[in-house]
Amino acid sequence: MTQFIKAGKLERAHSALRIVLDNQAGAGGDLVIGAAAARDLLAGRTVEISRVTVRGDQVSITYAGVARASTTGRGVVMHIAGARYTSPLSQVRAVVAGTRAAALVSQMVDEAVIDADEVRAQAQQGGRRIDEGLAKTFA
């Protein structure tokens, strides 16, 4: 299962999109999807996310990740620094159109998978039964 945890917002910056992540405060630079890339993203293409850093009069633009439409077509999935984030496509379209101030960005976190064989082995070694506390048992 995948858990969705609120992680920030996606807002319009002129004709581009800026991704503001709560855990990236002070990381140096803004995460930006350029204006042309934002149009390509809404057309269903995979686009690049850039980190824009300004130091004095120097502007540095580096690679930060990619964004694409989700498999279902109802969201935007962003891969940034080894983490996955998502935002509803309808909200992103509204931000691009200027009818919405920001779109919600959530981090996608995979939950641990329970190994039934391991649980059964623990029960045989005197640990808790898998059906402990249920009104009816499997046996």
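**Figure 1. Contacts of L10 in the predicted model.** Leaving aside neighbours within four places in sequence, L10 is in contact with L17, R18, I19, M78, V92, V95, A101, A102, A103 and V105. The model shown here is predicted. Two of its contacts, V92 and V95, are buried residues of helix α2. L10 is also among the residues with the most contacts inside the largest nonpolar core. That core has 24 residues. I19, I33, I49 and M78 share this listing with L10. Of these, I19 and M78 also touch L10 itself.

**Figure 2. The barrel.** Eight strands close into a barrel. Their order is β1-β2-β3-β4-β5-β6-β7-β8, and the pairing is antiparallel. Neighbouring strands of this sheet are turned by 35° against each other on average, direction ignored. Helix α1 packs on the sheet and touches β2, β3, β4, β5 and β6. The direction of α1 makes about 60° with that of β3.

**Figure 3. Strand β3 and its two partners.** Strand β3 covers residues 30–33. On one side, β3 pairs with β2 in the antiparallel sense over three bridges. Here I33 of β3 is the bridge partner of L17. Three bridges also join β3 to β4, and these two strands run antiparallel. In that pairing, D30 stands opposite V52 in β4. Strands of a sheet pair through backbone hydrogen bonds, either parallel or antiparallel.

**Figure 4. Helix α2 and its cover.** Helix α2 spans residues 89–97. L89, Q91, V92, A94 and V95 are its buried residues. An α-helix has 3.6 residues a turn, so residues three or four places apart point the same way. G98 follows the helix, and its phi is positive, near 90°. Among the elements of the protein, α2 has the highest mean pLDDT, 95.

**Figure 5. S106 in strand β8.** S106 lies in β8, which runs from residue 102 to residue 110. The residue counts as buried because its relative accessible area is 11%, below the 20% cut-off. Not counting residues up to four places away in sequence, S106 touches F4, I5, K6, A7, R84, Y85 and T86.

**Figure 6. The whole chain, with confidence.** The protein has three helices and eight strands. Along the sequence they follow the pattern β-β-β-α-β-β-β-β-α-β-α. Of its 139 residues, 30% count as buried. The protein exposes about 9200 Å², and carbon and sulfur atoms supply 51% of that area. Residues 24 or more positions apart account for 36% of the contacts with a separation of 6 or more. The mean pLDDT is 86, and 86% of the residues reach 70 or more. Helix α3, residues 116–124, has the lowest mean pLDDT among the elements, 67. Where pLDDT is low, the predicted coordinates should not be read in detail.

Conventions. Residues numbered from 1 in each chain as written. Predicted model: local features only at pLDDT ≥ 70, side-chain atom pairs only at ≥ 80, totals over all residues. Heavy atoms only, no water. Helix = DSSP H or I, 4+ residues; strand = E, 2+ residues; numbered from the N terminus. Buried < 20%, exposed > 50% of the residue type's maximum accessible area, 1.4 Å probe, protein only. Contact = heavy atoms within 4.5 Å. Pairing = 2+ DSSP bridges. Axes fitted to C-alpha atoms, helices over the stretch in contact; angles between N-to-C directions. Areas by Shrake-Rupley, 256 points an atom, 1.4 Å probe, with all protein chains shown as cover. Core = buried A, V, L, I, M, F, W, Y, C linked by side-chain atoms within 4.5 Å. pLDDT = per-residue confidence, 0-100.
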